[in-house]
Amino acid sequence: MIDSSVEQQFVEPPYPPAMKQLLALVNQYMTLAEVDLVVKAFQLSSEACGGVTGTSARPIPPLEHALAVTTIMARMMHVDAIGIAAGLVYEAVDAELLLPEQVEYTLGVPTARVVESMLRLNILERKKQNAATGAMLAVQNPQLSSSKKSYGERDDDITSPSFENKKPRVREAMRRQQAETVRKMFVAMADDPRVVLLKLAYRLHAMRLMCDPSYQGDAQELMTLAEESREIYAPLAGRLGMSRVESELQDLAFQVLEPDRYLWVRNLLDIETRQWRSYVDRVCERLRTEMASIGVKADISGRVKHAYSFYKKIARTAGDTEDLEHLKAAADLSQIHDLLAFRILVDTTTDCYVALGHVHSLWRPKEGRIKDFIANPKPNGYSALHTTVFCLDDQLVEIQIRTHEMHETAEYGVAMHWHYKDVGDNASASAKELLTWLRQLTEWQQDLRIANTSDTEFVEAVKDDIFQEQIFVLTPKGEVKDLPVGSTPLDFAYRIHSKVGDHCAGARIIASDGDGNGDRLISRMVSLDYELKNGEIVDIVTSRSAHPTRDWLNFARTTAARNKIRRYLKLNERPINIQIGEERLERELKAAGARGPDAITEDAENWVCSSMHADSFEDLLAAIGSDDMRPRAVVVKLLEYWQRESKDSKEAKESGDALALPVVSAKQAPAAQLEVAGVSGLLTRLANCCYPLPDDNIVGFISRGKGVIVHRSDCRNIARLGEQDRERLIHVNWAGMSQQPYHAPIVITAHDRTGMIRDVATVVSDSGANLMSINSSVSANHQTVVIMATLEIADLDQMHRLFVKLEKVKGVIHVARDLGQRK
């Protein structure tokens, strides 16, 4: 007989410490039914991974890895049970210890869907990692890499000994994989945000492991992960409102990519934290007393900014210099208005405004530093009141005021509220914000796909349009649109709708009259290049007669708007582009001293189109008019054609004066050579003082023991030599391009900004050209920079294509050959 007085006790299974920690976290915000799903997922994963240890490919045992990642999801994101369950079983499925069908049967369809989406994403990640591994093998041990092809079995594999000559191809492959990964992440996020939350947790865990002092892995892989974390994953976390994840990823990437600056900033922060500790305590105590005096229940805390945020503020005040010593000297902490931040957490929205009013009665607010994100929340769901005040001892500090619920969203992100039941008319405000942004993201991707955006352009567009610092602008109806800082009314118009953008005639800014009577609003017209400010109400004025022009490309800030403008121009302005192209071609022909446009026969047009792979001569003219092609490239081909058709050109050149140099051009036959006095095959060398190229007027100088040195006819040195030894000057003619490669000095004028030289060097490298040297000089007002570089190019077409790409680099004003005299 059983003693009924003895109560049966529940005995918890012997969970490992990591699982106990995870259960403690999820119990704080999940229901019992949700916790039960997490337990089932752990049991399923534990059975599949039982006894499985780490390997060289997977150093961390799968169950241990899964628990570490899901702990991040629970602690820093408050991900729901489906997301946590997917994280617990994903490692087992990825290691083929567990079938997706088993996950679906045991844990349900939503969990299985998240796992399958992660599997698709990580296939792309492995391709990218294989590419990086192969590249490192080629650099460290070419013989090994040539015998062990880890990235396909082709002769042009990136692991071949010729890898050094194929760096642009490797970078392009890596960028293509990165672009595809980002695209897939966005698609997966539109289907279920939990997929990207799991991806972010994996990335944060990987960065923590790699930044540990005991890490002995590949340095190049660490750099690649850190760069991606800074450029893609941290901004994505911020866009989803997960400030804690964003801050930690930024700091870890900062530690890897700029270790010297990181250590300097960490030391500064330690000093500042010790220095301000007593001050923070005084302000917190004062705020607690003041909130209690007005009957507002509040939790008060204070802190110094995290490392990367602190560094960016210092860099802005110091002018974003590349030199660390200059940065240290120029750093002025007194100019950082929100080095110290205080947070007031209250129970209700009303209490937020009451607390703000009392803070302003205590300390004078700084003009222009009050932001109301409660009335106008950020698209990622963030809500709070921000103000910067002259606090105790007249010290500028930032104070954030929000409710506990707002604080939870700010810390863990808007995706924590995502549930399939939380959609439609019954969706919470946070879920609606997320759904709206996901729809915008889908439309944005479609716009880029229609515009045939390249992989590199796509990744840059993600960084500039999606992840850059945002401003929030309102329509007259109160709809909030987020745009990158620096956006104009054109960007706003196209964000509303393509038709609104295409017919934008102007914009009206609506604001209070500023006399203290908030009821009366006034409006003022602004130009299309006006830079929008955060919180402005913008009314777009449209007109049927208004349409995009090429000037609009100078006003639009976002990639989406620029692509829509280009698409309109391509469809509707071909006749105008042809006319512009004709005018530019005529000017270029005159500058070359060649025949006029009337001399371009139908045969000449057909020959040029065939040589340049164009369907018609009008296509070439339209490309010149739309800035997609340089007129000089067409002129070179026309000159070549005219030279070919001139039967007596050779006799005329041989009988002419040695210095009477005809206008000639390049690229007649790949095997042809420079002709000296009508004879080919003689020893020739291109001069290093003026760097002649095949479309230049040239003259030869017979040197002692070095053959004929070929100079540009306008070279200062050849003029001097002509005065001293005129009899040693000889007529030379371009009959081909066998003198490859050519050295081509160029000069780039651009707006000064951080990373300009890096971006220029990247474009040059990706084009296949070799960067021989590069230097720069900044104007006295630090507004513009002149970059002088010497390139090694294969032919003129490569240089012309490179010029077009360089002119598209952000901030570049003008690109041209450097025709100055070289000493």
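Student: What makes E290 and R286 a salt bridge?

Tutor: In this predicted model, the closest N and O atoms of E290 and R286 are 3.1 Å apart. The cut-off is within 4 Å, so the pair counts as a salt bridge. E290 and R286 lie four residues apart in helix α12 (residues 259-293), which separates them by about one helical turn.

Student: Why is E290 called buried?

Tutor: E290 has a relative accessible area of 14%. Buried means under 20%, so E290 qualifies.

Student: What is R286 called at 32% relative accessibility?

Tutor: Partly exposed. That class lies between the 20% limit for buried and the 50% limit for exposed, and 32% therefore places R286 in it.

Student: How do you know that D539 forms a salt bridge with R508?

Tutor: Their closest N and O atoms are 3.1 Å apart, and the limit is 4 Å. D539, at 24% relative accessibility, is partly exposed, as is R508 with 27%.

Student: What makes D696 and R817 a salt bridge?

Tutor: The closest N and O atoms are 2.8 Å apart, within the 4 Å cut-off. D696 sits in the loop between β13 (684-686) and β14 (698-702), R817 in strand β21 (residues 812-817), 121 residues apart. Both residues, D696 and R817, are buried.

Student: Why are β19 and β20 called paired strands?

Tutor: Pairing needs at least two bridges; strand β19 (residues 770-778) and β20 have eight, in the antiparallel sense. I774 stands opposite A789 in β20.

Terms used
Residues numbered from 1 in each chain as written. Predicted model: local features only at pLDDT ≥ 70, side-chain atom pairs only at ≥ 80, totals over all residues. Heavy atoms only, no water. Helix = DSSP H or I, 4+ residues; strand = E, 2+ residues; numbered from the N terminus. Salt bridge = Lys/Arg side-chain N within 4 Å of Asp/Glu carboxyl O. Buried < 20%, exposed > 50% of the residue type's maximum accessible area, 1.4 Å probe, protein only.
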